[in-house]
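Reader: Could you walk me through this fold, starting with the sheet and then going on to the helices?

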Amino acid sequence: MSVLSPAVLSELEKQSIELPSWAFGNSGTRFKVFGTPGTPRDPWEKIADAAQVHRYTALAPSVALHIPWDLVDSFEDLRKHAEDHGVALGTVNSNTFQDDDYKFGALTHEDAAIRRKAIDHHLACIDVMDATGSRDLKIWLAEGSNYPGQADLRGRQDRLQDSLQEIYARLGDDQRLVLEYKFFEPAFYHTDVPDWGTSYAQVSALGEKAMVCLDTGHHAPGTNIEFIVMQLLRLGRLGSFDFNSRFYADDDLIVGAADPFQLFRILFEVVRGGGLNNPDVAFMLDQCHNIEDKIPGQIRSVLNVQEMTARALLVDTDALTAAQRSGDVLTANAVFMDAFYTDVRPALAEWRESRGLAADPMAAYAASGYQEKIAAERVGGVQAGWGA
Ligand code: AOS
Ligand code: ZN
Ligand code: ZN
């Protein structure tokens with residue numbers, strides 16, 4: 001008998017994880033960007049590649065865009081192109097981190113003209129969302145300072161709120177703003193949205209259509225990320241995840257690769273807090289594949305999320321609650337660990353086959369010949385963003 005009950009499988013069937021368009025472009029570190037044969041040359045090809053991930057996993061029905069990296073003449077056409085490939089266009093990510101004008105800030109800048117430019121960029125992103133049918137505008141700000149005394153920390157928070165108010169006011173009834181936090185980088189002394197508390201304070205002041213985005217790689221080492229997940233769900237402000245994994249800083253490695261147990265603990269809190277398959281909580285990847293092939297890298301990533309979700313759903317919550325209530329520390333921990341140590345891969349493979357999918361999506365993709373085909377056809381693929 002399968003370790004996965006029909007109730008668990010029905011939850012897994014509903015799961016969807018959005019892919020980042022930039023995961024399909026070349027990327028690297030500040031030392032070197034390695035090219036991968038077959039890399040997409042434009043947003044159209046990125047979407048075609050993303051559709052491959054969905055094709056083999058049925059887990060990734062939408063693709064997030066990054067503006068201006070994914071600028072095209074007609075977003076209506078791009079939307080149609082995505083639909084023709086069996087996927088939808090999802091979250092629109094703004095970009096205020098590659099323009100000289102933003103050296104000292106964008107939405108927080110002292111100069112009203114620069115703030116205006118940054119706000120207008122976000123308004124243009126909402127125009128894109130109107131054309132693509134996207135719900136979420138995701139804002140990650142590279143703003144901060146490098147030296148104590150360099151900036152007026154308080155003034156920047158106030159200007160950030162003013163700027164966000166203007167962006168928020170432009171959102172349609174069904175659109176949302178999600179504000180991502182990150183504790184450092186590229187600024188090294190202070191960052192204007194460094195933690196969930198700041199993001200929560202900023203979005204709470206905007207209104208109900210503003211939420212926090214939690215990128216799993218954006219915390220100091222040792223941070224209890226699942227506690228933050230719990231708290232944001234409890235407060236009703238967890239709008240989205242940027243999943244990836246890290247060993248040291250913002251590594252953007254394959255989710256679940258560095259610390260599968262942490263991913264399990266996060267997903268347990270998602271389930272516990274009602275965040276699974278809840279439209280208010282978008283699951284997204286925010287990753288870069290610097291040395292590995294991108295499509296299988298993304299396939300591996302969504303499978304990792306699926307596997308840890310399955311394990312999180314296996315926790316015997318009745319036994320856990322009973323142990324917690326009676327102060328039985330070791331039983332509570334054992335119940336939790338039993339689920340984590342359960343290998344769900346054979347059951348998931350079997351279930352995939354029963355749905356007409358390949359038992360092993362990685363092998364099926366490798367055997368499909370797609371990677372060889374794009375390597376032969378495409379020359380001069382673009383970097384994730386820097387070359388687009
Ligand atoms: C940056 O560190 C953030 O994780 C953002 O989500 C960013 O927009 C994304 O990595 C694409 O550059
Ligand atoms: Zn992110
Ligand atoms: Zn990041």
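Predicted model: local features only at pLDDT ≥ 70, side-chain atom pairs only at ≥ 80, totals over all residues.

Reader: Okay, how many strands form the open sheet, and in what order?

Author: Eight strands form it, in the order 1-2-3-4-6-8-9-10, and their pairing is parallel. Strand 1 (19–20) and strand 10 are the edge strands, each of them pairing on one side only.

Reader: And how many bridges join strand 2 to strand 3?

Author: Strand 2 (residues 62–66) and strand 3 (residues 88–93) run parallel and are joined by four bridges. If you want a position to look at, Leu-65 has Val-92 in strand 3 as its bridge partner.

Reader: Which strands does helix 4 touch?

Author: Helix 4 packs on the sheet, where it touches strand 3 and strand 4 (136–140), and its direction makes about 150° with that of strand 4. Helix 6 (residues 196–204) also packs on the sheet, touching strand 6 (176–180) and strand 8 (210–215), with its direction at about 165° to that of strand 8.

Reader: Going back to strand 10, which way do its residues point, and are they buried or exposed?

Author: In strand 10 (residues 282–285), Ala-282 and Met-284 point one way while Phe-283 and Leu-285 point the other way, and all are buried. Strand 10 pairs with strand 9 (residues 238–243) in the parallel sense over four bridges, and Asp-242 stands opposite Met-284.

Reader: Switching to helix packing, where do helix 4 and helix 5 meet, and at what angle do they cross?

Author: The axes of helix 4 (residues 112–132) and helix 5 (residues 153–169) come within 9 Å and cross at roughly 35°, and the crossing is right-handed. Helix 4 contributes Arg-115, Ala-118, Ile-119, His-122 and Leu-123 to the contact, and helix 5 contributes Arg-159, Ser-163, Glu-166 and Ile-167.

Reader: One last thing: why does Lys-373 count as exposed?

Author: Lys-373 lies in helix 14 (residues 370–377), and it counts as exposed because 11 other C-beta atoms lie within 10 Å, where the cut-off for exposed is 12 or fewer. The C-alpha atoms of Lys-373 and Pro-37 are separated by 10.0 Å, although these residues are 336 residues apart along the chain.

How values were computed: Residues numbered from 1 in each chain as written. Chains lettered and ligands numbered in written order. Axes fitted to C-alpha atoms, helices over the stretch in contact; angles between N-to-C directions. Helix = DSSP H or I, 4+ residues; strand = E, 2+ residues; numbered from the N terminus. Left-handed = near helix turned anticlockwise from the far one by under 90°. Contact = placed C-beta atoms within 7 Å. Buried ≥ 20, exposed ≤ 12 C-beta atoms within 10 Å, placed from the backbone. Pairing = 2+ DSSP bridges.
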